[in-house]
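Subject: A structure for you to look at

Hello,

Here is the structure I promised to pass on to you. Have a look at it first, and then read my notes below.

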Amino acid sequence: LPLLYLVQFFCGLSPLHRNTGCDGPVAGAAHDLPTVAWCYVSAIVALGATVLGRAAFGFEVSDMAQFVAWTALGLVVATWKVRLPGMMATISVGFVVTLFAIAELPFSQTVVITALVGAVQALWRPGQQPSSMKSIFSIFCLVLSTAGAFCVVRSGVLPAGMAQSLPVMLALATGVLYLLNSLLISAAICLSARKPLTSIWQECYFWSFPYYLAGACASGVMVVTSRAAGWIPSVLVLPLVGMLYVSYRLHVGKAVRSEEHTSELQSHHD
């Protein structure tokens with residue numbers, strides 16, 4: 001079903017409207033933010049720092065080689081970015097490693113890997129130089145989203161049958177990760193730009209949903225491989241993630257070029 005949705009999504013690409021309001025809520029200095037937006041961003045950063053601090057103080061590793069390997073893999077794929085239509089922001093493949101960590105690794109390792117992946121995603125060759133507040137905010141949004149997804153699928157709140165089903169667990173983890181991260185950032189944009197939350201979320205994050213679905217499939221292959229043959233062979237699934245990245249980048253690039261061509265024709269016609 002995710003793959004069918006991905007095909008439908010690509011075939012149904014429609015003319016795009018560039019939305020610069022999705023570039024981020026805290027691109028400027030802190031004093032440029034409205035008071036309510038500043039308070040919200042500060043609260044998210046404080047909460048995210050608390051979660052990361054708890055993970056760091058309770059950090060434990062039973063297999064250091066595995067942790068280092070998956071951390072290195074996450075840092076590499078975090079540099080594989082795709083610019084989404086209608087906005088200057090990018091999304092990386094790093095969330096695939098985050099989903100694997102949610103399914104297979106302890107909470108402390110999952111949060112630490114996610115924070116490192118988020119830092120690379122925010123700081124590695126950005127389209128425009130981000131402010132320190134924007135980078136920190138985006139990192140802790142990802143940390144909180146990962147912690148929320150981990151708690152939903154690994155804290156024992158799910159019925160035994162659902163918790164033991166890999167497709168169900170990955171589907172829930174993907175949905176929670178996607179919704180929390182997109183809503184946390186959309187809320188900051190909403191408070192900063194004083195625009196409706198539903199409009200911001202739909203304009204800025206609709207395009208990333210099929211990317212998450214396809215990434216969940218790649219993560220599922222990694223988990224199955226790890227459980228059947230060990231974590232070392234599961235790292236070899238990286239080429240599959242690379243194909244996901246290249247495919248999505250090509251299709252999105254085609255859509256953006258189509259939009260630019262349409263805009264040029266309209267300007268000539270006017």
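Two residues are in contact when heavy atoms of theirs lie within 4.5 Å of each other. With that in mind, take the contacts in the protein chain with a separation of 6 or more: 78% of them are accounted for by residues 24 or more positions apart. Please remember that this is a predicted model.

First, the whole chain. How many helices and strands are there in the protein chain? It has 12 helices and 2 strands. If you read along the sequence, the pattern is α-α-α-β-β-α-α-α-α-α-α-α-α-α. The protein chain has 270 residues, and 46% of them count as buried. The chain also exposes about 13200 Å², with carbon and sulfur atoms supplying 67% of that area.

Next, I'd like to show you helix H5. This helix runs over residues 107-123, which makes 17 residues. From its first C-alpha to its last, H5 reaches 24 Å, close to the 24 Å expected at 1.5 Å a residue.

Is H5 mostly covered or mostly uncovered? Mostly covered: 12 of its 17 residues are buried. Among them are Phe107, Val111, Val112, Ile113, Gly118 and Ala122. Which helices do the buried residues of H5 pack against? They pack against H2 (35-57), H3 (64-77), H4 (94-104) and H6 (132-154).

Why does Gln109 count as buried? Its relative accessible area is 4%, and buried means under 20%. Leaving aside its neighbours within four places in sequence, Gln109 is in contact with Phe59, Glu60, Val61, Ser62 and Phe67.

Then turn to Thr110, also placed in helix H5. Thr110 counts as buried because its relative accessible area is 1%. Again leaving aside neighbours within four places in sequence, the contacts of Thr110 are Ala101, Ile102, Leu105, Thr146 and Phe150.

You could find both residues in the viewer and trace these contacts one by one.

Best wishes

Notes
Residues are numbered from 1 along each chain as its sequence is written. This is a predicted model: local features need pLDDT of at least 70, side-chain atom pairs count only at pLDDT 80 or more; totals for chains, interfaces and linings use all residues. Side-chain values use heavy atoms; hydrogens and water are left out. Helices (H or I, at least four residues) and strands (E, at least two) are DSSP runs, numbered from the N terminus. The expected span of a helix is 1.5 Å times one less than its number of residues. Buried means under 20% relative accessible area, exposed over 50%, partly exposed in between (1.4 Å probe, protein chains only). Accessible areas come from the Shrake-Rupley method with a 1.4 Å probe; for residues, only the protein chains shown count as cover.
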